[in-house]
Amino acid sequence: MTNSTHLAVIGGGPGGYAAAFLAADLGMQVTLIDEAAHPGGVCLYRGCMPSKALLHVAKVLTEAREARAWGVEFAEPALDLDRLRAWKDGVVGRLTGGLGQLSTQRGVTYLRGRAELLGPTSVRVTRPDNPDGDDEPVDLTFTHGILSTGSRPALPAVLSLDSDRVWDSTRALDLPTIPESLLVVGGGYIGLELGSVYAALGSAVTVVEMTSGLLPGADRDLVSVLARRLEGLCQAVLLETTVVGLAEDGDGVRVTLQGDAVAHSEQQFDRVLVAVGRVPNSEIPGLERTAVQRDARGFVMVDGQRRTAEPTLFAVGDLVGEPMLAHKASHEARTAVEAIAGHKAVFEPGAIPAVVFTDPEVAWCGLTETQAKAEGRSVQVTRFPWAASGRAMTLDRPSGVTKLIIDPESEQILGVGIAGSGAGELIAEGVVAIEMGATAADLRLCIHPHPTLSETLMEAAEVFFGQSTHVYRPKRAPRV
Ligand code: NAD
């Protein structure tokens, strides 16, 4: 069977389905191809959504334990792992089912199967497990294609042990069991989010990070707010430490560790979670029949409109490079579709927010202080400590911080960083400020609701002028 369509989208994650839906809204005939029953991709099936559901549970457990200090005592929680898993899977099912409906309502043809490019304008979709029984391959010709095949967990040889005791993030999100002891290899987004979940559920969690700090690349003052709390939550956090060997050993995994912080180089853990980054799914069958180019790390190379070296093919999301974030993928996808529709469009964001959904959350956008230092760029950094926030006190979370990175000449806000409860929600204001070209004065003059954590952004701007109501810090005389 050969069909034709204006646009074929390969991969149904936040890049792919955002592209398909916008293209349909703009009147294009669209086919969206993915192996899953519904659109959703890693984010919905085995990433953002199941992890956030579990992190919500972790936060409730932690707060229930902390409530003792507020004069409210709960009994130790009884965990029903089957019901917890079913609830999490239900969240995923409702969300992916909803995307299926949205796809149908828009008239997008959803083709379940595995895509192989036959050339720059055609694809074959094989459907060996098609549940409706029709397993005939479908050949499709298209005017334009968007590649959005995402990424998968990286698994270096030294960390690959064929054992159900060694997990990647997908396995950890399945909640197979609550291990007595869990070694998390990698102190990045996934290691810290899932490590926090298992620690709250009762595992003794050890985190091993090969660099000198958690969340490499993020500003240290933000990370330290989280690191201090993790000290209480985790059994150990070992920095500048690497895993040099893994072996199945009776009822556990024997791990060989190397690093100055390591007291015992051989340690036994119930389970090991490997979270050392992700690699792009760029080995798309048939890609060699096109002019699409990949870089040394395997990312598909694209221009500002997300067009590949093959004029009919665009690529978006994790497939084209860092940051590997769903919201970046969706925005790239919309740019690609607009370019295909002939609109003037380019992907040049002023700020892509990053959020680590631990407790406390760590979030930043725009220029970081670390980047400014590395680039030798002169900036002024102002901080508002949450100990001076009434709202933070009422939440018993006074250890957060909100910071602004400001251009000393124009006083424009170049970057925002927040560590504390709800930082992931608060950072959106920073994105708007940066994208709108707001100055510190703009932020200071906007009336923020009291008492909220959002006031910390306004007061960080007040700190810049030495006029914060709740912090006494006179403005330093300008350098000459
Ligand atoms: P990551 O790059 O965030 O962190 C990996 C960490 O592992 C790094 O700190 C690295 O130094 C460390 N590491 C690498 N090799 C190691 C080794 N052999 N031993 C010890 N440490 C080692 O990668 P991730 O946590 O796997 O996440 C992958 C990507 O997924 C992220 O880059 C992010 O874009 C995305 N993600 C985002 C979110 C979110 O937005 N909240 C959540 C999860 C994942």
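1. Pro360 is placed in the loop between strand E18 (354–356) and strand E19 (361–366). Helices (H or I, at least four residues) and strands (E, at least two) are DSSP runs, numbered from the N terminus. The peptide bond that leads from Asp359 to Pro360 is cis, with omega near 5°.

2. Some notes on the source are needed here. This is a predicted model, in which local features need pLDDT of at least 70 and side-chain atom pairs count only at pLDDT 80 or more, while totals for chains, interfaces and linings use all residues. Residues are numbered from 1 along each chain as its sequence is written, and side-chain values use heavy atoms, with hydrogens and water left out.

3. A cis peptide bond also joins His450 to Pro451, with omega near -5°. Pro451 lies in the loop between helix H12 (440–445) and helix H13 (455–464).

4. Arg306 is a residue other than glycine with a positive phi, near 75°. Its place is the loop between strand E16 (278–280) and strand E17 (313–315). Is Arg306 buried or exposed? Arg306 has a relative accessible area of 13% and is therefore buried (buried means under 20% relative accessible area, exposed over 50%, partly exposed in between, with a 1.4 Å probe and protein chains only).

5. Asp396, again not a glycine, has a positive phi near 60°. Asp396 is found in the loop between helix H10 (390–394) and strand E21 (401–406). With a relative accessible area of 36%, Asp396 is partly exposed.

6. Asp162 belongs to the loop between strand E7 (151–153) and strand E8 (166–167). Asp162 counts as exposed because its relative accessibility is 82%. In sequence, Asp162 and Ala247 are 85 residues apart; in space, they are 9.5 Å apart, C-alpha to C-alpha.

7. Two packed helices are described by the angle between their axes and the distance between the axes. The axes of helix H3 (residues 48–66) and helix H4 (residues 81–105) come within 9 Å and cross at roughly 140°. These axes are lines fitted to C-alpha atoms, for helices over the stretch in contact, and angles run from 0 to 180 degrees between N-to-C directions. H3 and H4 are therefore oblique to each other (angles under 35 degrees count as roughly parallel, over 145 as roughly antiparallel, 65 to 115 as roughly perpendicular and the rest as oblique).

8. The contact (heavy atoms within 4.5 Å) involves Met49, Pro50, Ala53, Leu54, His56 and Val57 of H3, together with Leu84, Trp87, Lys88, Val92 and Leu95 of H4.
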